Structure formats: structure tokens, C-alpha cells
Amino acid sequence: MSDLRVVAVAACLLLLNPAICVAQKPAAVAEVQVAPAAIAIQVGTTQRLIAVAYDAGGNVITTAHYRWSSNNLNVARVDSTGTVTAVGEGSAVIRAEALGSGPPPKHGAAVITVRRRAP
């Protein structure tokens with residue numbers, strides 16, 4: 001065990017209730033949903049998507065982290081926070097993969113339709 005981990009565990013035990021200092025294994029991701037599931041936006045605009053992971057019992061996993069991706073970077077790009085930027089006309093699928101959820105990895109998706117900006 002590293003010195004830093006030993007210090008962190010000791011501090012936890014001294015300052016907090018020892019019962020909450022025990023590391024819990026994260027729940028296994030059974031499903032990921034992305035909202036909104038479909039949007040239409042104009043070139044040059046942005047839209048934030050939200051990903052939510054659920055365990056097999058349907059409970060939200062609040063500690064999940066996601067890798068975002070677009071299947072068509074000529075239409076829509078997505079950053080690490082789920083913010084989509086419309087860059088060209090067409091359609092794209094934005095995926096949020098729950099990190100550490102595999103194999104196989106669990107992901108959700110949203111369909112993005114990008115239209116020309118109104119004059």
C-alpha cells in the first residue's frame with residue numbers, strides 16, 4: 001500500500017465515521033441512457049446532452065464517468081462534458097460509453113440532426 005493511501009485511510013478513520021471509510025465496489029452498469037434521445041439543431045449552435053447509467057435494479061449510478069463520441073465529425077462534434085457542436089448539415093449519432101462498464105461496454109446514444117442556419 002502506498003504511503004499516500006495509508007495517510008488517506010488513517011485520516012478517514014480519525015476524522016470520520018470508520019463505517020463510511022471502507023471503499024465500496026461500484027455497481028455494475030447495466031444500461032446507459034442519453035437525453036434528449038433526438039434533437040434537431042442549426043449549424044453553429046451547441047446542445048448539452050446528459051448521460052445516466054443504471055444498475056440492474058434500475059438505480060442511478062451517480063459515480064459513472066463517460067467517454068463521448070460522434071460517428072460523423074463533419075456534422076456534429078462532442079466534448080468530454082457531452083456538449084454537442086453542430087458543424088455541418090446532416091445527421092450524427094452521439095454515444096456516451098460508461099467507462100469501465102464492459103465487457104461488453106455499455107453505452108447510450110442520441111441522434112442529432114443538423115440543419116442549415118436560417119438566413
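## The chain at a glance

Which pattern does the chain follow when read along the sequence? The pattern is α-β-β-β-β-β-β-β-β-β, and the secondary structure comes to 1 helix and 9 strands. Helices (H or I, at least four residues) and strands (E, at least two) are DSSP runs, numbered from the N terminus.

This is a predicted model, in which local features need pLDDT of at least 70 and side-chain atom pairs count only at pLDDT 80 or more, while totals for chains, interfaces and linings use all residues. Residues are numbered from 1 along each chain as its sequence is written, and side-chain values use heavy atoms, with hydrogens and water left out.

## Surface and contacts

The chain has 119 residues, and 28% of them count as buried. Here, buried means under 20% relative accessible area, exposed means over 50%, and partly exposed lies in between (1.4 Å probe, protein chains only). The accessible surface of the chain comes to about 7,800 Å², with 57% of it belonging to carbon and sulfur atoms; such areas come from the Shrake-Rupley method with a 1.4 Å probe, and for residues only the protein chains shown count as cover.

A contact means heavy atoms within 4.5 Å. Of the contacts in the chain with a separation of 6 or more, 52% are between residues 24 or more positions apart.

Two strands pair if DSSP finds at least two bridges between them.

S3 pairs with strand S7 (residues 83-86) over 3 bridges. Here Gln47 stands opposite Val84, and Thr46 has Thr85 as its bridge partner. S6 and S7 also pair over 3 bridges, with Ala76 opposite Ala86. These two strands, S6 and S7, form a hairpin with 4 residues between them, and Gly82 in the turn has a positive phi of about 90°.

## The nonpolar core

In soluble globular proteins, nonpolar side chains tend to be buried together. A nonpolar core is a set of buried Ala, Val, Leu, Ile, Met, Phe, Trp, Tyr and Cys residues joined through side-chain atoms within 4.5 Å. The largest one here has 24 residues, and Leu49, Tyr66, Trp68, Val84, Ile94 and Ile112 touch the most other members. Strand S8 (90-98) gives the most to this core, with 4 residues.

Leaving aside residues up to four places away in sequence, Trp68 touches residues including Val34, Leu49, Val78, Gly82 and Ile94.

## A look at Val52

Where is Val52? Its place is in strand S4 (residues 50-54). Val52 counts as partly exposed because its relative accessibility is 23%. Not counting residues up to four places away in sequence, Val52 touches Glu31, Val32, Gln33, Val60 and Tyr66. Val52 and Gly108 are 56 residues apart in sequence, with 8.6 Å between their C-alpha atoms.
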